[in-house]
Amino acid sequence: MAKRKAVTIDGYTATQMQNLTINLIYEIGGRAWRNNTGAAYRNQRLIKYGEVGSGDVIGFLPDGLFISVEIKTLNDSTSAEQIEFIEQVRAVGGVAFIAAQIKDVDDALALYRSRADWIVKWTKSKPNWTNSH
């Protein structure tokens with residue numbers, strides 16, 4: 001039986017999905033890049049690079065929050081290390097999620113934008129708590 005082509009739910013290759021994700025993050029004023037992990041031998045020495053479990057796309061949102069996006073095609077499964085990394089990023093206030101289609105990225109960024117808008121509104125409307133007598 002032939003192996004299914006490695007595409008996302010909506011038909012993008014992982015590379016296409018990474019590029020779309022990076023572009024969407026740039027569109028809202030953030031910065032993002034592909035994040036590779038692995039190991040290679042150089043001069044008979046093993047060199048490891050990247051953080052095991054970290055997302056395929058990482059970067060920063062406009063307010064400085066860290067973002068990590070794990071891209072999944074129909075052939076992929078999520079590792080325990082990837083789930084742990086997502087949980088760690090979220091635990092410190094970052095944005096991390098799995099994207100199996102571009103809608104997942106759109107939805108996560110929309111949620112981030114609504115949260116960011118609420119924080120800006122709250123910050124502007126809260127009383128001045130400094131002690132100024």
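In which loop is the place of Q44?

## The loop between β2 and β3

In this predicted model, Q44 has its place in the loop between β2 and β3, and N43 is found in that loop as well, with β2 spanning 38-42 and β3 spanning 45-49. Neither residue is a glycine, yet N43 has a positive phi of about 55 degrees, and the phi of Q44 is likewise positive, near 60 degrees.

Both residues can also be described by their accessibility. N43 has a relative accessibility of 72% and therefore counts as exposed, since the cut-off for that class is over 50%; Q44, with a relative accessible area of 80%, is exposed too.

## The largest nonpolar core

The largest nonpolar core has 19 residues, and those with the most contacts inside it are L61, I67, F97 and V105. At least two residues of this core come from each of α1 (14-27), β5 (66-71), β6 (95-99) and α3 (102-125), and α3 gives the most, with five residues. In soluble globular proteins, nonpolar side chains tend to be buried together.

Leaving aside residues up to four places away in sequence, L61 touches I25, I28, G30, I67, V95, L109 and Y112.

## T21 in helix α1

T21 lies in helix α1 and has a relative accessible area of 0%, so this residue counts as buried, the cut-off being under 20%. When residues up to four places away in sequence are not counted, T21 touches V57, V69, I71 and V105; of these, V105 is also among the residues with the most contacts inside the largest nonpolar core.

Methods
Residues numbered from 1 in each chain as written. Predicted model: local features only at pLDDT ≥ 70, side-chain atom pairs only at ≥ 80, totals over all residues. Heavy atoms only, no water. Core = buried A, V, L, I, M, F, W, Y, C linked by side-chain atoms within 4.5 Å. Buried < 20%, exposed > 50% of the residue type's maximum accessible area, 1.4 Å probe, protein only. Helix = DSSP H or I, 4+ residues; strand = E, 2+ residues; numbered from the N terminus. Contact = heavy atoms within 4.5 Å.
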